[in-house]
Amino acid sequence: AYGRSKRKGELLALQYPGSLVIRTSWLVSGTNPNFVATMLRLAASRDSLRVVDDQLGCPTVAADLAEASLRALEVGAGGLVHLTNQGETTWYGLARRAVELAGLDPSRLSPCTTDEYPLPAPRPAYSVLRSERIEQLGISQLPRWEDSMASVVGGLIERGLV
């Protein structure tokens, strides 16, 4: 239902000439509570933590997304554009990278399957977005997600969000 309603909103927005719809995924930042903040808080307070390792996606750092979005507007981009950091990982891979950057013990994390971690709504196993169109628009690719994670983790720690 969530994906269908988002798509309806995109289609409505795209009816207006010159409109720009930006799709992103797995958004994280160093300024607000999010998945990374939750994982760091739990990894610091628990002896063990299970994290889903069979769902693939593209983590996107909010600061990188903001810069790329501004560039898209500056070049007059229109239509539908995917903007995500480069690279893909699982929720477990993202959590593990964050925990390592925070100086916590990554052995506290263990992978599990989606079936072992039931959620109220089903999640796709593969939600990787490719940002192919941005090069056609003359916009540089966003950095690899791993390279931007230090600023996310540092910002969360600095703001006391973990």
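**Figure 1. Glycine 57 stands opposite threonine 89 in strand 7.** This close-up comes from a predicted model, as do the views that follow. Glycine 57 belongs to strand 4, which covers residues 56–57. Strand 4 and strand 7 run antiparallel to each other, paired over two bridges.

**Figure 2. Tryptophan 26 has a positive phi.** The angle is about 45 degrees, even though this residue is not a glycine. Why is that worth a look? Most residues other than glycine have a negative phi. You'll find tryptophan 26 in the loop that links strand 1 (20–23) to strand 2 (27–28). Is tryptophan 26 buried or exposed? Its relative accessibility is 12%, and buried means under 20%, so tryptophan 26 counts as buried.

**Figure 3. Helix 2 and the parts it packs against.** Helix 2 spans residues 35–45, and its buried residues are Val36, Ala37, Met39, Leu40, Leu42 and Ala43. Which elements do these buried residues pack against? The answer is strand 2, strand 3 (49–52), helix 4 (91–101) and helix 6 (145–158). Now look at the start of helix 2: a side-chain oxygen of asparagine 34 comes to within 2.9 Å of the backbone nitrogen of valine 36.

**Figure 4. The largest nonpolar core, with its 25 residues.** The residues with the most contacts inside this core are Val36, Leu40, Val51, Leu94, Leu109, Met149 and Val152.

**Figure 5. Valine 51 and its contacts.** What does valine 51 touch, if you skip residues up to four places away in sequence? Its contacts are Phe35, Met39, Trp91, Tyr92, Ala95, Leu109, Ser110, Pro111 and Cys112. Met39 is also one of the buried residues of helix 2, and Leu109 is among the residues with the most contacts inside the largest nonpolar core.

**Figure 6. Arginine 133 reaches out to leucine 80.** Arginine 133 is part of helix 5, which covers residues 133–136. With 30% relative accessibility, arginine 133 counts as partly exposed. Its side chain gets to the backbone oxygen of leucine 80 at 2.7 Å. Ignoring neighbours within four places in sequence, arginine 133 is in contact with Gly78, Gly79, Leu80 and Val81. Alanine 77 is 56 residues away along the chain, yet its C-alpha atom and that of arginine 133 are separated by 9.9 Å.

**Figure 7. Stepping back to see the protein chain.** How many helices and strands does the protein chain have? Count six helices and nine strands. Of the 162 residues, 38% count as buried. Among contacts between residues at least 6 apart in sequence, 87% join residues at least 24 apart. The C-alpha atoms fill a box of roughly 55 × 35 × 25 Å along the principal axes. For 162 residues, a compact globule would have a radius of gyration near 15 Å, and the chain's 17 Å agrees with that.

Key: Residues numbered from 1 in each chain as written. Predicted model: local features only at pLDDT ≥ 70, side-chain atom pairs only at ≥ 80, totals over all residues. Heavy atoms only, no water. Pairing = 2+ DSSP bridges. Helix = DSSP H or I, 4+ residues; strand = E, 2+ residues; numbered from the N terminus. Buried < 20%, exposed > 50% of the residue type's maximum accessible area, 1.4 Å probe, protein only. Contact = heavy atoms within 4.5 Å. Polar contact = N/O pair within 3.5 Å; in protein donor to acceptor, adjacent residues only side chain to side chain. Core = buried A, V, L, I, M, F, W, Y, C linked by side-chain atoms within 4.5 Å. Rg over C-alpha atoms; globule rule 2.2 N^0.38 Å.
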